[in-house]
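This report looks at a single protein chain, starting from its surface and moving on to its overall make-up. Please keep the sequence and the structure in view while reading.

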Amino acid sequence: MPTASIVSEADIWERIIHPHGPISKGAAHRILDLSFSDEDRARMRDLAERNRRGALSDDEEAELDHFCRVGTFLSILKVRARRVLKSRTRDE
């Protein structure tokens, strides 16, 4: 009996970014170039500090959660991109 595999948000985004199979070397390099802006990093630091003090509004808590989810997803994509580049370097 076949088992169903769990599809993550990262799996879905990976298919959107590179719909025709594995991530290409060029796409992997572009993924590694993605990052938060200086303004977003400053906002995240401010929200995180105020969260530690318990001083966030509901909207700010939601904003911090969004930053965390995007950051986690970006980290997963970058790990996958590094693996692609590492494996392609060995194969070449």
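## A nonpolar surface patch

In this predicted model, the residues Val-7, Ile-12, Trp-13, Ile-16 and Ile-17 come together as a nonpolar patch on the surface, and their accessible area amounts to about 440 Å² together. One of these patch members, Ile-17, belongs to helix H1, which covers residues 9-17. Ile-17 has a relative accessibility of 35% and therefore counts as partly exposed, since that class lies between the limits of 20% and 50%.

## Arg-50 in helix H3

Helix H3 spans residues 38-52 and includes Arg-50. Because its relative accessibility is 17%, Arg-50 is classed as buried, the limit for that class being under 20%.

When residues up to four places away in sequence are set aside, the contacts of Arg-50 are with Arg-43, Ala-55, Leu-56 and Glu-60.

## The chain as a whole

The protein chain contains four helices and zero strands, so that, read from the N terminus on, the order of its elements is α-α-α-α.

Of the 92 residues in the protein chain, 24% count as buried.

Note on methods
Residues numbered from 1 in each chain as written. Predicted model: local features only at pLDDT ≥ 70, side-chain atom pairs only at ≥ 80, totals over all residues. Heavy atoms only, no water. Helix = DSSP H or I, 4+ residues; strand = E, 2+ residues; numbered from the N terminus. Buried < 20%, exposed > 50% of the residue type's maximum accessible area, 1.4 Å probe, protein only. Contact = heavy atoms within 4.5 Å. Patch = residues over 30% accessible without salt bridge, like charges linked within 9 Å, V, L, I, M, F, W, Y side chains within 5 Å. Areas by Shrake-Rupley, 256 points an atom, 1.4 Å probe, with all protein chains shown as cover. Salt bridge = Lys/Arg side-chain N within 4 Å of Asp/Glu carboxyl O.
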